[in-house]
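Student: Could we go through this model together, starting with its charged contacts and then its pockets?
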Amino acid sequence: MADSVKPIPEGYHSVTPYLCIKGASEAIEFYKSAVDATELMRIPSPDGSIGHAEIQIGDSRIMIPDESPKMDFRSPATIGGTPVHVYMYVEDVDRIFAQANAAGATAMMPLEDQFWGDRTGTLVDPFGHRWYVSTHKEDLTEEEIGARAAKLFGGS
């Protein structure tokens, strides 16, 4: 039996974001409307908060608990910002960016074609997490990206 258990469960990648949120239930509903997330599971804590939940966006999962000071899970709302940024690729960045804005996200950086070949914009969700929403438009070499960056930022 143990030989048939996969070390990385079906549907997961090697790395899965785990976003602590103050108001996880509301966040799940936001992600559903903003970025077409699908709720996969929700495990309540005895106090009614979310002890663990999982959503799927495209082919990737995100784990979400409510904040819990006892477990040292603190949300961006509690710590006054976040060092975590999520970079998300979607088929149609213009549609998802507009949809997320309509659902309550705040645009930090407008959608623009970037020197590295992506069309990208930055959003902050209502729970304090920062999302780079992108559609890949060009396959570039590292040298091409470096040359574009040098031209853009004034290097040689």
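Tutor: The discussion below covers salt bridges, a surface patch and pockets. This is a predicted model, in which local features need pLDDT of at least 70 and side-chain atom pairs count only at pLDDT 80 or more, while totals for chains, interfaces and linings use all residues. Residues are numbered from 1 along each chain as its sequence is written, and side-chain values use heavy atoms, with hydrogens and water left out.

Student: How many salt bridges does a search of the whole structure find?
Tutor: The search finds 13, a salt bridge being a side-chain nitrogen of Lys or Arg within 4 Å of a carboxyl oxygen of Asp or Glu.

Student: Which residues are linked in a network of them?
Tutor: Glu29, Lys32, Glu39 and Arg42 are linked in this way. Glu29 and Lys32 have their closest N and O atoms 3.2 Å apart, and Arg42 meets Glu39 at 2.8 Å, N to O.

Student: Where do Glu29 and Lys32 sit relative to one another?
Tutor: They are three residues apart in helix H1 (residues 24-35), so about one helical turn separates them. Helices (H or I, at least four residues) and strands (E, at least two) are DSSP runs, numbered from the N terminus.

Student: And what does Arg148 pair with?
Tutor: Arg148 forms a salt bridge with Glu138, with the closest N and O atoms 2.8 Å apart. Arg148 belongs to helix H4 (residues 142-153) and Glu138 to the loop between strand E7 (130-136) and H4, so the pair ties together parts that are 10 residues apart in sequence.

Student: Is Arg148 buried, exposed or in between?
Tutor: Arg148 is partly exposed, at 31% relative accessibility. Buried means under 20% relative accessible area and exposed over 50%, with partly exposed in between (1.4 Å probe, protein chains only).

Student: Changing topic, what volume does the largest pocket have?
Tutor: Its volume is about 340 Å³. On a 1 Å grid over the protein atoms alone, a pocket is an open set of points with protein on both sides within 12 Å along at least five of seven lines, and lining residues have an atom within 4 Å of a point. A volume is the space filled by probe spheres set on the points, which are joined across faces, edges and corners.

Student: Which residues lie nearest its centre?
Tutor: Of the 19 lining residues, these are Ile57, Gly58, Ser60, Met88 and Tyr89. Strand E4 gives the most to the lining, with four residues.

Student: What about the second largest pocket?
Tutor: That pocket holds about 240 Å³ of space. Its lining has 15 residues, including Ser45, Glu67 and Met71 among those nearest the centre.

Terms used. On a 1 Å grid over the protein atoms alone, a cavity is a set of points where a 1.4 Å probe fits but cannot get out, and a pocket is an open set with protein on both sides within 12 Å along at least five of seven lines; lining residues have an atom within 4 Å of a point.
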